[in-house]
Amino acid sequence: MVDQRATLDDVARLAGVSSKTVSRVFAQRELVAPQTVERVLAAAKRLRFRPNSLAQGLRRGGGTRTVGFIIGELSNPFYYKVAAGLEKELSEHGYGLVVASTDDTDDGEARVADALLAQRVGALLLVPVSDDQSYLEGERQLGTPVIAIDRPARNLAADSIVLDNRAAVLEATRRLIAVGHRRIAYVCNPAAVYTQIERIGGYRQAMAEAGITDTSRWEVLRDDLSLNSAEMMRALMTSAEPPTAIIAGNNRMTIGALRLLRDIDDRERTALIGFDDFDTGDVLGVSVISYDPLELGRRAARLALERIADPSGFTQQITLPTWIIERGTGERPPAEARPIQGWAP
C-alpha cells in the first residue's frame, strides 16, 4: 500500500501554525520569524512534505522556478556541457532545469517547446533548429523569456548568446595558409545552420585573401546526419589531388577525418584543425578551435534570469570568444614543403 503524500495543512497542524504561514515559509521565508521557520521546516521534514512549485507559480499568475532547455540530438556532448553550465548557475538562484530533445528536427522543436510551455516554465532556452521561431512570439509577449543559444532565433525578438564562429575559422584558415597550404578543405554536416554558415564564411574569406576564390572542390557540405562522417570525405581524400589540410566544422567531423586518415594511412601528412574540442583531443594531438561551453551555459542562464527580472528590457546578442589550441596536427606544413628526411644541402 502506498502512503498518501502529506499536505500543506498536515504540516501546519504538526507545526502548530496556520496553512498560510507554512505557505509563506516556502515562498517568502524572509517574512517569517526564524523560530517559526525552523518549526515548519522540521515538521515538513518529518512528514516528507515537498511544496508544489508548479501550483505556487500558477497561484502567482506567472511561471514556475524551472527553466526549460531545448537541445538537438542527445549524443552531442556540446549540449550536455552547456546544460551543465546552465544548471550550475540556475541552481545558485533557486531555479531548476528541464532538458528536452528535438532530435534536430523542425517539427520536434515546436512540439517540445509547446510541452515545456504547458508546464509554465519561468524561461525557455533553446538551440534553434527550424528556420522560424515566430511561433514563440505570443508566449514571449505574455512575459516568458526566450533565449537562443549557439544560434540566433529567426523571426522572433529574442535574446541570444553565440560564439565568434566566423572569426575563429578565419584565423584557423589563415594559419594553415601561413605555413604553406593552398589546398585546404572545409567539411561539415549539417551545413545549413547559422553556426556553419558563419564558419564557412570565415574559411572562404581567408581563402579569397590568398587569391583562391573558388573553393567548391575543397568543400564537403552536407545536411544529413545519417551519413557516415568518414565516408563523406573519402572521395575528396582519395582523389588525384587531395587537400593538404582539413578544417572540420564540428567534433563529429573531426573524428570522422581522423578515422579516414587512419584508414588511408595518412595520419602524418594532412594537416587537421577541428572546431570543438573533444575528450581525447589532447591525447591524439589534434589542433582545435576551442571555447568554454560551460561558460556559454552560465552566461545564457544569467541572461534568462535578467530577463525574468525585467521582461521589458531591450533584446541583446552576446558573442563569446574562441581560441585555437595548437597540438600538432594543425601546424604541419604541406608535404611538398617539408625537408626530406636525411637530406642536407
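Which residue follows α9, and what is its phi? The residue that follows α9 is Gly211, and its phi is positive, near 90°. The structure is a predicted model, in which local features need pLDDT of at least 70 and side-chain atom pairs count only at pLDDT 80 or more, whereas totals for chains, interfaces and linings use all residues. Residues are numbered from 1 along each chain as its sequence is written, and side-chain values use heavy atoms, with hydrogens and water left out.

Helices and strands are DSSP runs numbered from the N terminus (helices H or I with at least four residues, strands E with at least two). Helix α9 covers residues 194–209, and its 16 residues should span 22 Å at 1.5 Å a residue, which agrees with the 23 Å between its end C-alpha atoms; the expected span is 1.5 Å times one less than the number of residues. Among the buried residues of α9 are Ile200, Tyr203, Ala206 and Met207, where buried means under 20% relative accessible area, exposed means over 50%, and partly exposed lies in between, with a 1.4 Å probe and protein chains only. The buried residues of α9 pack against α8 (165–178), β6 (184–188), β7 (219–221), β8 (245–248) and β9 (271–275), contact being defined as heavy atoms within 4.5 Å.

In helix α1 (residues 8–15), the buried residues are Val11, Ala12 and Ala15. They cover an arc of only 100° around the axis, which puts them on the same side of α1; the arc is that of the directions from the helix axis to the C-beta atoms. The cover over these buried residues includes α2 (19–27) and α3 (34–47). The axes of α1 and α2 come within 8 Å and cross at roughly 105°, which makes α1 roughly perpendicular to α2. Here axes are lines fitted to C-alpha atoms, for helices over the stretch in contact, with angles running from 0 to 180 degrees between N-to-C directions, and 65 to 115 degrees counts as roughly perpendicular, under 35 as roughly parallel, over 145 as roughly antiparallel and the rest as oblique. Just after α1, Gly16 takes a positive phi of about 70°.

The largest nonpolar core has 67 residues, and those with the most contacts inside it are Phe69, Leu86, Leu125 and Ile149; such a core is a set of buried Ala, Val, Leu, Ile, Met, Phe, Trp, Tyr and Cys residues joined through side-chain atoms within 4.5 Å. Leaving aside residues up to four places away in sequence, Leu125 touches residues including Phe69, Leu86, Ile149 and Ala304. Ala304 lies in helix α14 (residues 293–309) and is buried, with a relative accessible area of 1%. The C-alpha atoms of Ala304 and Leu90 are separated by 9.2 Å, although the two residues are 214 residues apart along the chain.

Two residues other than glycine have a positive phi, as tabulated here.

| Residue | Phi | Relative accessibility |
|---|---|---|
| Arg48 | near 55° | Arg48: 63%, exposed |
| Asp150 | about 80° | Asp150: 6%, buried |

Arg48 is found in the loop between α3 and α4 (53–59), while Asp150 is found in the loop between β4 (146–149) and β5. A further backbone feature is the cis peptide bond that joins Asn189 and Pro190, with omega about 5°; Pro190 belongs to the loop between β6 and α9.
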